[in-house]
Amino acid sequence: MIEIIDLTKRYGKFTALDSLNLKIEKGSVFGFVGQNGAGKSTTFSILATLLSPSSGTAYINGYNISKEPKAVRSQIGYMPDFFGVYDQLKADEYLNFYGASYGISQSERKKLIPQLLELVNLTHKQDSYVDVLSRGMKQRLCLARSLIHDPEVLILDEPASGLDPRARVEMREILKELKNMGKTILISSHILPELAEMCDVIGIIDQGKLVAEGSVAEIQKRLQGEKLIIAKLYRELDKAVNFFEDQPLVSQLVRKDDGESLQFMFNGTIEEQVQLLKAALSHDIPIVSFSEIETNLEDVFMEITKGVELS
Amino acid sequence: MRNLFLNPVLNKEFKLRFRSFKSFLGLSFYLLALSIIIIGFIYIQTQNSPMGLFRPEQSKSMFMLLSFIQMGLILFITPGLTAGIISGEREKQTLNILLTTNQSSTSIILGKLISSVSFLLLMIIASMPIYSIVFLFGGISPGQVGTILGYYIFTILVFGSIGIFFSTLVRRTIIAMVSTYGVTLFLTAGTAFLFAVTMSVNQMGITSNNPIPYFFVMLNPIMILFGFLEPDAFRELSSQTGMGIDFPLWAANLISYTIIFLIMIVISIRKLRPNMKVKSKG
């Protein structure tokens, strides 16, 4: 279980993380989504005991990151967003080194390493030098490395970044397997749909603050009060703009590039939406089509990180 | 001690450093160069001798020449080997992963230090049979050779600790390297220069019983090496510079260098990982 309490990190006047509070239950997969620089890696670095917080604290399986960093390190498997590998080490030697670093006996390491290589589909590469592996293979090997001491909590910072579509799918499959193994996983990405499929809960972080938290369905539902509507017109675009601008439930009105459509956010019920269309027609606005655009996950993410405080 | 030699960092670094053909080649070239110097020295001396003999005092001069060459090599190579060991890992983005393992900071720092200077130690130890040629001609006792070897290892560890200190504190390898070479230059050329200046001040009679030259000699590894090679001449120097301090310079050097070593290592260990304690309440 991970519990983050008022975690703050400041660099001079810049606040990278602003009073973050979070609770991730044992065995659940939490997706941390945010743009680059939103505070994801800062949070992960603090949880991995690589960065000290300015204030606040966090607990991993009951161990305090500030007071018991050594115990925390034995509980977590950490995979950073950018990492290097040692030249001239073979894949199995790479895992062997980290196994020894965690104090795992040689006989145990001998049994573990083939299993881990199999888990990440790298058995055929065990005698290959790590620096000649492809990026996807290195990512998988690093994931295997983070599992070598059988941690209960996995902290994975953008594990699929920079991978080709096939490698992404492979990585996703491995993570699903880890989820089935009952690991508590904290995973980050700046791409929401990438996480949606495998995460139980998603947190959206923007400018160091958690702006939304819940299941993907919950987050989408919260935004459903605001619908994105597109209206196609036959002439009289200026008249339509004036009309819609005067409507209290309409916001963020935009003229589309085609010169004949308008797009706006509508914050009302379905009945109010019908009334709006009726009113527009009664004002002789020549509407050809009037439809709601289905918001996908990317739209949700874009909408939330625009500054809408939801939580 | 057992833990130190079961150190994963040490094992890994040994594997990486010694498995490459370049290491073997480097060692071979070094021993070849040393052999050429010795054979050349003996050849020149016997050619210049009317009887074609190589006398014990010439053997001692050869040993001294080799000893200063090796010391120069140690002072030149050690900063280069050690000043990048932590900052280099940071730049290669391998340090973060290493720091999240269960290995203690002490184990990482000592493992890194010993592994980085191990190749230099191997070079020095491998050159010992070549050194032993002096025993054929006399002039040097096995005890002196042993003392010199011990002092080399000590010097490597002390200057290595200065390298690892800067490597831990400074993020960029190049800056760590320049800083380490700067300190090495101060402890060699700098202290020699300051010794000369303070001695000349003493001789001019401006000050009396001034012990400052003693402290500069104490910090200079080349002068201490000279003391091991020429104990009589060094005693004379010691009595001139001591100005009332009746303590062997070599012992003062060992104590001061041990203190420097311990300070460098302790700070490196403490600074390797961040202090996770919250510094201020936000």
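**A first walk through chains A and B**

Hi everyone, let's start with chain B: of its 282 residues, 34% count as buried, where buried means that 20 or more other C-beta atoms lie within 10 Å of the residue's own, exposed means 12 or fewer, and partly exposed is in between, with C-beta atoms placed from the backbone. Please keep in mind that this is a predicted model, where local features need pLDDT of at least 70, side-chain atom pairs count only at pLDDT 80 or more, and totals for chains, interfaces and linings use all residues. Residues are numbered from 1 along each chain as its sequence is written, while chains are lettered from A and ligands numbered from 1 in the order in which they are written.

What does the secondary structure of chain B come to? Chain B has 15 helices and zero strands; here helices (H or I, at least four residues) and strands (E, at least two) are DSSP runs, numbered from the N terminus. Along the principal axes, the C-alpha atoms of chain B fill a box of roughly 80 × 55 × 35 Å. Take the contacts in chain B between residues at least 6 apart in sequence: 83% of them join residues at least 24 apart. A contact means that two residues have C-beta atoms, placed from the backbone, within 7 Å.

Now look at helix 15 of chain B, residues 249–272. Among the buried residues of helix 15 of chain B are B:Leu249, B:Tyr257, B:Ile265 and B:Leu272.

One more stop in chain B is B:Ser141, in the loop between helix 9 (133–137) and helix 10 (142–169). Is B:Ser141 buried or exposed? B:Ser141 is exposed, because 11 other C-beta atoms lie within 10 Å. B:Lys60 is 81 residues away from B:Ser141 in sequence, yet their C-alpha atoms are 9.8 Å apart in space.

Next, where the chains meet. The contact involves 31 residues from chain A and 23 residues from chain B. On the chain B side, helix 2 (8–18) and helix 6 (95–99) each supply at least two residues. That side has seven nonpolar, eleven polar and five charged residues. In this count Ala, Val, Leu, Ile, Met, Phe, Trp, Tyr, Cys and Pro are nonpolar, Asp, Glu, Lys and Arg are charged, and the others, Gly among them, are polar.

Over to chain A, with a word on confidence. Chain A averages a pLDDT of 86, and 92% of the residues score at least 70; pLDDT is the predictor's confidence in each residue, from 0 to 100. Over residues 307–311 of chain A, pLDDT stays under 50. Where pLDDT is low, the predicted coordinates should not be read in detail.

Why is strand 3 of chain A largely enclosed by the rest of the structure? Because five of its five residues are buried. A:Val29, A:Gly31 and A:Val33 cover one side, and A:Phe30 and A:Phe32 the other. Strand 3 of chain A runs parallel to strand 8 (residues 184–189), with five bridges joining them, and strands count as paired if DSSP finds at least two bridges between them. Strand 3 of chain A is also joined by four bridges to strand 9 (residues 201–206), again parallel. A:Gly31 has bridge partners in both: A:Ile187 in strand 8 and A:Ile202 in strand 9.

Which residues touch the most other members of the largest nonpolar core? They are A:Ile155 and A:Ile185, in a core of 68 residues. Helix 3 of chain A (residues 91–101) gives the most to this core, with six residues. A nonpolar core is a set of buried Ala, Val, Leu, Ile, Met, Phe, Trp, Tyr and Cys residues joined through C-beta atoms within 7 Å. Leaving aside neighbours within four places in sequence, A:Ile185 has contacts including A:Val29, A:Phe30 and A:Leu154. A second, separate core of 44 residues includes B:Val9, B:Leu75, B:Ile109 and B:Leu272.

A:Ser19, in strand 2 (residues 14–24) of chain A, has a positive phi of about 45 degrees although it is not a glycine. A:Ser19 counts as partly exposed because it has 16 C-beta neighbours inside 10 Å. A:Glu158 also has a positive phi, near 45 degrees, and sits in the loop between strand 7 (153–157) and helix 6 (165–180) of chain A. With 23 C-beta neighbours inside 10 Å, A:Glu158 counts as buried.

Conventions. Expected span 1.5 Å × (residues − 1).
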